[in-house]
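Hi there,

Here is the structure I promised to pass on, with the sequence alongside. Please open it first, and my notes follow below.

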Amino acid sequence: MKSLFLTSKLGYGHTRAADAIEYSLMEKVPNVETHHIDLWSLMDERVANSVKDGYLRMARQYRDYYQRLYDLDMGLWRQLSGEEPADPAIKEFLSTQQQKW
């Protein structure tokens with residue numbers, strides 16, 4: 001059996017969760033082969049840095065938007081995708097993020 005874990009070193013929570021699952025899996029399936037891939041290693045470094053920075057800024061400075069993203073608020077996703085007019089604060093956040101990187 002083979003198992004692939006796609007993790008994120010942004011905060012290490014995903015990595016710790018994958019490690020716990022891997023440990024449990026190895027107890028139940030001794031011959032399991034596991035491999036971990038960090039999501040950020042699959043991206044262009046500048047893009048990854050921009051996304052990570054935006055995520056951390058949003059978590060710290062724009063908690064209401066972070067919570068809406070976390071809750072998968074469809075209205076916010078439609079704004080981010082351009083399907084609906086974006087809230088001015090979202091536009092400002094995305095614009096400053098784009099200019100920074």
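Let me start with helix H2, which gives five residues to the lining of the largest pocket, the largest share from any element. Please keep in mind as you read that this is a predicted model.

**The largest pocket**

The space in this pocket comes to about 490 Å³. It is lined by 19 residues, and the closest to its centre are Leu10, Trp40, Val51, Tyr55 and Leu69. Besides H2, the elements that each supply at least two lining residues are strand E1 (2–7), H3 and H5.

Trp40, one of the residues closest to the pocket centre, deserves a look of its own. You will find Trp40 in the loop between strand E2 (33–38) and H2. Is Trp40 buried or exposed? Its relative accessible area is 11%, under the 20% cut-off, so Trp40 counts as buried. Leaving out residues up to four places away in sequence, Trp40 touches Ser8, Lys9, Leu10, Ala48, Val51 and Lys52. Trp40 also lies 9.7 Å from Leu6, C-alpha to C-alpha, although 34 residues separate the two in sequence.

**Helix H2 itself**

H2 has 17 residues, and the distance from its first C-alpha to its last is 24 Å, close to the 24 Å expected at 1.5 Å a residue. Which residues of H2 are buried? They are Ala48, Ser50, Asp53, Gly54, Arg57 and Met58. These buried residues pack against H3 and H5.

From that list I would pick out Asp53, which sits in H2. Asp53 has a relative accessibility of 16%, and because the cut-off for buried is under 20%, Asp53 falls on the buried side. Not counting residues up to four places away in sequence, Asp53 touches Gln97, Lys100 and Trp101.

**The cavity**

How many cavities of 30 Å³ or more are there? The count comes to one. About 40 Å³ of space lies in the largest cavity. Its lining is made up of Met58, Tyr65, Leu69, Leu76, Leu80, Ala89, Ile90 and Phe93. H3, helix H4 (74–81) and H5 are the elements that give two or more residues to this lining, and the largest share, three residues, comes from H5. By class, all of this lining is nonpolar: eight nonpolar residues, no polar and no charged.

**An aromatic pair**

The structure holds one aromatic pair.

Phe93 is at 5% relative accessibility, so Phe93 counts as buried. As for Tyr62, its contacts beyond four places in sequence are Arg57 and Phe93.

**One more residue, in H1**

Last, please have a look at Glu22, which lies in helix H1 (residues 13–28). Glu22 counts as buried because its relative accessibility is 16%, under the 20% limit. Setting aside neighbours within four places in sequence, Glu22 is in contact with Phe5, Thr34 and His36. Phe5 is 17 residues from Glu22 in sequence, and the C-alpha atoms of the two are 8.6 Å apart.

Conventions: Residues are numbered from 1 along each chain as its sequence is written. This is a predicted model: local features need pLDDT of at least 70, side-chain atom pairs count only at pLDDT 80 or more; totals for chains, interfaces and linings use all residues. Side-chain values use heavy atoms; hydrogens and water are left out. Rings of Phe, Tyr and Trp (its six-membered ring) pair if their centres lie within 6.5 Å; planes under 30 degrees apart count as stacked, over 60 as edge-to-face and the rest as tilted. Buried means under 20% relative accessible area, exposed over 50%, partly exposed in between (1.4 Å probe, protein chains only). On a 1 Å grid over the protein atoms alone, a cavity is a set of points where a 1.4 Å probe fits but cannot get out, and a pocket is an open set with protein on both sides within 12 Å along at least five of seven lines; lining residues have an atom within 4 Å of a point. Grid points are joined across faces, edges and corners, and a volume is the space filled by probe spheres set on the points. Helices (H or I, at least four residues) and strands (E, at least two) are DSSP runs, numbered from the N terminus. The expected span of a helix is 1.5 Å times one less than its number of residues. Contact means heavy atoms within 4.5 Å. Ala, Val, Leu, Ile, Met, Phe, Trp, Tyr, Cys and Pro count as nonpolar, Asp, Glu, Lys and Arg as charged, and the others, Gly among them, as polar.
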